Amino acid sequence: MSDCIFCKIAAGEIPSDRVYEDDVCVAFRDLDPQAPVHLLVIPKVHVDGADAVTGDNSGLVAHIFEVIPGLMRGQGVSGGFRVVTNVGQDGGQSVRHLHFHVLGGRALGWPPG
Ligand code: 5GP
Ligand code: ZN
């Protein structure tokens with residue numbers, strides 16, 4: 001999608017602090033980190049959000065979840081981490097391109113606000 005900021009980050013048209021990339025996904029640091037390690041992991045292809053996951057694209061999600069543990073090990077996170085995806089207006093999704101927040105490096109509170 002031409003006006004999607006995360007499509008532009010995936011394409012390298014907008015700079016990001018990228019920590020990982022493969023054929024399917026890109027991981028980069030959130031601009032406004034909420035933990036010592038706060039990555040965003042996105043599919044390279046545009047998917048609106050977790051409410052747009054179907055049998056045709058769910059392999060992207062599986063792949064991202066295969067990648068995440070090694071990413072966090074690579075960031076030195078050993079005490080656990082959290083994976084969050086916000087969906088839609090009430091879910092607090094501000095960028096309408098599927099992304100997984102991966103937070104670690106401190107004890108995280110629950111429940112979220
Ligand atoms: P959401 O609110 O949709 O769940 O998460 C969007 C996240 O993207 C926010 O945590 C926000 O800080 C981050 N973000 C928004 N624009 C940019 C950007 O241009 N670069 C990076 N690295 N993060 C961004
Ligand atoms: Zn996009």
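**Cysteines and the ligand 1 site**

The sulfur of Cys25 lies 14 Å from the closest cysteine sulfur, that of Cys7, which is too far for a bond. A disulfide is a pair of cysteine sulfur atoms within 2.5 Å. By this rule, zero disulfides are counted. Cys25 is buried, with a relative accessible area of 0%. Cys7 is buried too, at 14%. Buried means under 20% relative accessible area with a 1.4 Å probe, protein chains only.

The model is predicted; local features need pLDDT of at least 70, side-chain atom pairs count only at pLDDT 80 or more, and totals for chains, interfaces and linings use all residues. Residues are numbered from 1 along each chain as written, chains are lettered from A and ligands numbered from 1 in the order written, and side-chain values use heavy atoms, without hydrogens or water.

Ligand 1 is surrounded by 16 residues, and the closest are Arg29, Asp30, Asn86, Ser94 and His101. A residue counts here if one of its heavy atoms lies within 4 Å of the ligand. Polar contacts are pairs of N or O atoms within 3.5 Å. A polar backbone atom of Arg29 is 2.8 Å from a nitrogen atom of ligand 1. Val95 places a backbone N or O atom 3.0 Å from an oxygen atom of the ligand. For His101, a polar side-chain atom lies 2.8 Å from a ligand oxygen atom. Taken alone, ligand 1 exposes 520 Å², of which the protein buries 83% (Shrake-Rupley method, 1.4 Å probe).

Two or more residues of the shell come from each of α1 (5-10) and β2 (25-29). The largest share, three residues, comes from α1. Helices (H or I, at least four residues) and strands (E, at least two) are DSSP runs, numbered from the N terminus.

Conventions:
Buried < 20%, exposed > 50% of the residue type's maximum accessible area, 1.4 Å probe, protein only. Polar contact = N/O pair within 3.5 Å; in protein donor to acceptor, adjacent residues only side chain to side chain.
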